[in-house]
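I'm opening my notebook on a new chain today. Here is what I'm looking at before I start jotting things down.

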Amino acid sequence: MKARIAVFGLFLVFVSAGLSAQQRPNTMFLEELTWTEVREAIDDGTTTIIVPTAGTEQNGPHMVLGKHKFIINYASNLIARELGNALVAPVVTYVPEGDVENIRGHLRYAGTITLPNEYFMKLLEYSARSLAIHGFTDIVFMGDSGGNQGGMRDVAAMLNEEWANEPARVHFVGDYYSNNGFREWLINDQGETEETIGGHAGIADTSQLLYVAPEHIRGDRLAPLGGGEGSGVSGDPTRASFERGRMGIQFKVDTALRQIRELMRQ
């Protein structure tokens with residue numbers, strides 16, 4: 001027994017020595033770091049942080065409700081690495097998806113979660129205030145779904161007005177979602193149409209998730225229009241592909257990087 005304890009103690013010494021010699025873990029995600037590692041990163045110039053937002057919503061019979069989360073976490077990691085001085089905050093998955101008193105849209109489908117816009121905005125506001133306290137000076141709001149765009153824009157404008165004489169700024173990066181060029185590429189370069197692409201859970205969405213997290217696609221449930229009326233699908237997800245998903249993510253990443261850099265120059 002004493003020998004076993006001695007061996008274990010020696011193991012702890014080696015582990016401690018190894019950890020003390022290590023640099024900060026190779027991760028962009030705030031939640032995967034200790035508070036001291038975050039403090040050291042800020043002191044070393046990592047003063048940009050991305051606050052990603054993503055709806056928890058129905059995506060037809062073939063795709064999981066967390067689609068937006070998986071896509072934006074993947075894209076945010078690439079963006080942060082390319083910026084070189086950025087981290088990624090925990091993704092906000094509770095966003096406006098409709099009114100619980102007037103149920104329609106995605107909220108009609110099991111599992112969709114909504115948050116009133118005023119509470120969503122408060123969540124963003126105090127996330128930004130918390131991050132600014134510790135030295136993040138460029139706070140980037142970026143969302144992968146539609147219902148959260150207005151709230152991010154409005155909170156960014158409100159805080160920037162309040163912080164006019166402070167070092168911190170909030171940047172709303174709306175082009176990532178609404179002006180990234182992926183849909184136009186599918187039409188002009190891939191020969192798709194507005195009808196085949198669809199507006200939700202069709203070619204674009206399915207391709208991106210197929211690229212970043214294929215395990216969350218139910219291949220046996222893929223069907224044009226999700227199999228029929230009431231499926232929650234618009235477009236033809238059977239035309240999705242890994243390569244199209246790779247291109248979709250690249251369009252989003254490149255577009256976000258351009259807008260972030262432009263906003264930071266202002």
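Predicted model: local features only at pLDDT ≥ 70, side-chain atom pairs only at ≥ 80, totals over all residues.

**Entry 1: the overall layout**

What pattern does the chain follow, read along the sequence? I went through it and wrote down α-α-β-α-β-α-β-α-β-α-α-α-α-α.

Of the 266 residues in the chain, 47% are buried. Then I checked the contacts with a separation of 6 or more, and residues 24 or more positions apart account for 74% of them.

**Entry 2: H3 against H9**

Two packed helices are described by the angle between their axes and the distance between the axes. The crossing of H3 past H9 is left-handed.

Who makes the contact? On the H3 side I listed Lys-67, Phe-70, Ile-71 and Tyr-74, and on the H9 side Asp-205, Gln-208, Leu-209, Tyr-211 and Val-212. Sorted by class, I get six nonpolar, one polar and two charged.

**Entry 3: H4 against H5**

Next pair: helix H4 (residues 117-133) and helix H5 (residues 149-162), with axes 9 Å apart and an angle of about 45°. So H4 is oblique to H5. Left-handed or right-handed crossing for H4 and H5? I found a right-handed one.

H4 brings Asn-117, Phe-120, Met-121, Leu-124, Glu-125, Ala-128 and Arg-129 to the contact, while H5 brings Gly-151, Met-152, Asp-154, Val-155, Met-158, Leu-159 and Glu-162. The classes here are eight nonpolar, two polar and four charged.

**Entry 4: the cores**

Which residues touch the most other members of the largest nonpolar core? Out of its 32 residues, I noted Ile-50, Ile-79, Met-142, Val-173, Tyr-176, Leu-209 and Val-212. At least two residues of this core come from each of H3, strand S2 (86-88), strand S3 (138-143), H9 and helix H10 (242-265).

I picked Met-142 and followed its contacts, skipping residues up to four places away in sequence. Among them are Ile-50, Val-51, Pro-52, Ile-72, Ile-79, Met-152, Val-173, Tyr-176 and Ala-256. Another core, of 25 residues, lies apart from the largest one, and it includes Val-92, Ile-139, Val-155 and Ala-156.

**Entry 5: two loop residues**

Asp-144 sits in the loop between S3 and H5. Buried or exposed? Asp-144 has 2% relative accessibility, so it counts as buried. I checked its separation from Phe-70, C-alpha to C-alpha: 74 residues in sequence, but 9.8 Å in space. Not counting residues up to four places away in sequence, Asp-144 touches Thr-53, His-68, Ile-71, Ile-72, Gln-149, Tyr-176, Tyr-177 and Lys-252.

Last one for today is Thr-93, which I found in the loop between S2 and H4. Why does Thr-93 count as buried? Its relative accessibility is 18%, and the cut-off for buried is under 20%. Leaving aside neighbours within four places in sequence, Thr-93 is in contact with Ala-54, Gly-55, Thr-56 and Lys-69.

Key
Residues numbered from 1 in each chain as written. Heavy atoms only, no water. Left-handed = near helix turned anticlockwise from the far one by under 90°. Helix = DSSP H or I, 4+ residues; strand = E, 2+ residues; numbered from the N terminus. Contact = heavy atoms within 4.5 Å. Nonpolar A, V, L, I, M, F, W, Y, C, P; charged D, E, K, R; others polar. Axes fitted to C-alpha atoms, helices over the stretch in contact; angles between N-to-C directions. Parallel < 35°, antiparallel > 145°, perpendicular 65-115°, else oblique. Core = buried A, V, L, I, M, F, W, Y, C linked by side-chain atoms within 4.5 Å. Buried < 20%, exposed > 50% of the residue type's maximum accessible area, 1.4 Å probe, protein only.
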